[in-house]
Amino acid sequence: MKVLIVVPAYNEAKNLPILIPNIHRYGWESLVINDGSTDNTAEVLEEIGCAHLNLINNVGLAGVTQIGFMYAHEHNYDAVIVTDGDGQHPPKFISSLVKGIEEGNDYVVGSRFITAKKPMTMRMIGSRLICFAIWLKTGVKVSDPTSGMRALGKNLLEDFAENMNFIAEPDALTYVLKKGYNFKEVQVDMLEREEGESYFHNPLKSISFMYQTLMSILFLR
Amino acid sequence: MNVVYIPIGLRILLILASILLVLFVIVSARKSQLDVRYAILWVSWAIAILIIGIWPELAYLISKAIGMQSVTNFVFLLMILLLFLLSYYSYIKMSKMNKELKKLNYELAVLKGIKKESEKEE
């Protein structure tokens, strides 16, 4: 099976030199997509010497992943794994996602909370709210709707490469469930990001994200 | 006693308009004609119109607070204000897209120039 690891990266010059060799150590083929970073990510990628695309404009996470899917679809890959460029998704779990695709699933999500319990932090209360909205809309119980570590099989890859109109992972997941694709969750552990600051550090952005995500799940899927 | 703050005809119009708006937006978003972020803006607007339609007391309270005589006028003012904001937002987006287009144009022109040069050398 031809598998491509897509790594969206925006200002990740410090994390990529650790992450990419780590992915290659497990024998996977990767493609880093540099989303018009303003730091020296482009030079760092050249230094590492890995396959990458440098986007001229900043298109945002959803746009970057779609570009990854377009590339993989055009080059006839059987599966794509999305792994964040900030190093919070350990490459050792890629194989369990690939296994999920090999079992015949179209969408495999790396979930932190299959065997572990979900903590009661602000962020996880948001996650519970999203789970509830997805359950309302599709009747399916998911454990980690915001997980960015996921794998797509060939059919879904074609679908997403052509049209992707999502805020983020939760409403994409809702779309997948509503369309009747085969879906599976596998247990993964995630790390705290090593360098740089998360987008959700800003509470206003978190609220806006929650609102948009819930609206998209409830009204537009 | 139930006081009607907004004429019943206008209320029905508001409710119908908001339902139609939501339906239009959902169809366009599902067909990927409309970006999901903009779709959410329009759906939110439709919900706001719906709230005024089914709960005119809210519009009455606000219009009284800002010293407007008629609630109907307040509804019009609100619509104009929202349209104004939305149009401003789209101008900002347009300017950003212009900037990006310029960048793309430049990069493409440079690439084409490099290609011509290398053909000459051959």
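# Exercises on a two-chain model

Chain A has an open sheet of seven strands, in the order E3-E2-E1-E4-E6-E5-E7 and with mixed pairing. Keep in mind that this is a predicted model. Grab the structure and let's work through it.

**Exercise 1. Find which strands of chain A stand at the edges of the sheet.**

Step 1: Read the strand order from end to end: E3-E2-E1-E4-E6-E5-E7.
Step 2: Look at strand E3 (52-54) and strand E7 (183-187) of chain A, which each have a single partner strand, so one side of each has no neighbour in the sheet. Those are your edges.
Step 3: While you're there, check the twist, which averages 20 degrees from one strand to the next.

**Exercise 2. Work out how E1(A) and E2(A) run, and what lies across them.**

Step 1: Pick out strand E1 (residues 3-9) and strand E2 (residues 29-34) of chain A; they run parallel and are joined by six bridges.
Step 2: Helix H2 (residues 41-48) of chain A lies across E1, E2 and E3 of chain A, at about 160 degrees to E2(A). Helix H3 (residues 60-74) of chain A lies across E1, E2 and strand E4 (79-82) of chain A, at about 155 degrees to E1(A).

**Exercise 3. Describe the overall build of chain B.**

Step 1: Count the elements: chain B has four helices and zero strands.
Step 2: Chain B has 24 Å, while a compact globule of 122 residues would have one near 14 Å.
Step 3: Check the spans of the C-alpha trace of chain B along its principal axes: about 90 × 30 × 15 Å.
Step 4: Look at burial, too: 17% of the 122 residues in chain B are buried.

**Exercise 4. Decide how H3(B) and H4(B) are oriented to each other.**

Step 1: Take the angle, about 90 degrees, and the distance between the axes, 9 Å.
Step 2: Angles of 65 to 115 degrees count as roughly perpendicular, and H3(B) and H4(B) are therefore roughly perpendicular to each other.
Step 3: Name the residues that meet: B:Pro56, B:Ala59, B:Tyr60, B:Ile62 and B:Ser63 in H3(B), and B:Val71, B:Phe74 and B:Val75 in H4(B).
Step 4: Sort them and you get seven nonpolar, one polar and no charged.

**Exercise 5. Describe the side of chain B that touches chain A.**

Step 1: Here 13 residues of chain B are in contact with eleven residues of chain A.
Step 2: The largest share of that side of chain B, five residues, comes from H2(B).
Step 3: By type, the residues on that side of chain B are seven nonpolar, one polar and five charged.

Note on methods:
Residues are numbered from 1 along each chain as its sequence is written. Chains are lettered from A and ligands numbered from 1 in the order in which they are written. This is a predicted model: local features need pLDDT of at least 70, side-chain atom pairs count only at pLDDT 80 or more; totals for chains, interfaces and linings use all residues. Two residues are in contact if their C-beta atoms, placed from the backbone, lie within 7 Å. Helices (H or I, at least four residues) and strands (E, at least two) are DSSP runs, numbered from the N terminus. Ala, Val, Leu, Ile, Met, Phe, Trp, Tyr, Cys and Pro count as nonpolar, Asp, Glu, Lys and Arg as charged, and the others, Gly among them, as polar. Axes are lines fitted to C-alpha atoms, for helices over the stretch in contact, and angles run from 0 to 180 degrees between N-to-C directions. Angles under 35 degrees count as roughly parallel, over 145 as roughly antiparallel, 65 to 115 as roughly perpendicular and the rest as oblique. Two strands pair if DSSP finds at least two bridges between them. The radius of gyration is taken over C-alpha atoms; the globule rule is 2.2 Å times the number of residues to the power 0.38. A residue is buried if 20 or more other C-beta atoms lie within 10 Å of its own, exposed if 12 or fewer, and partly exposed in between; C-beta atoms are placed from the backbone.
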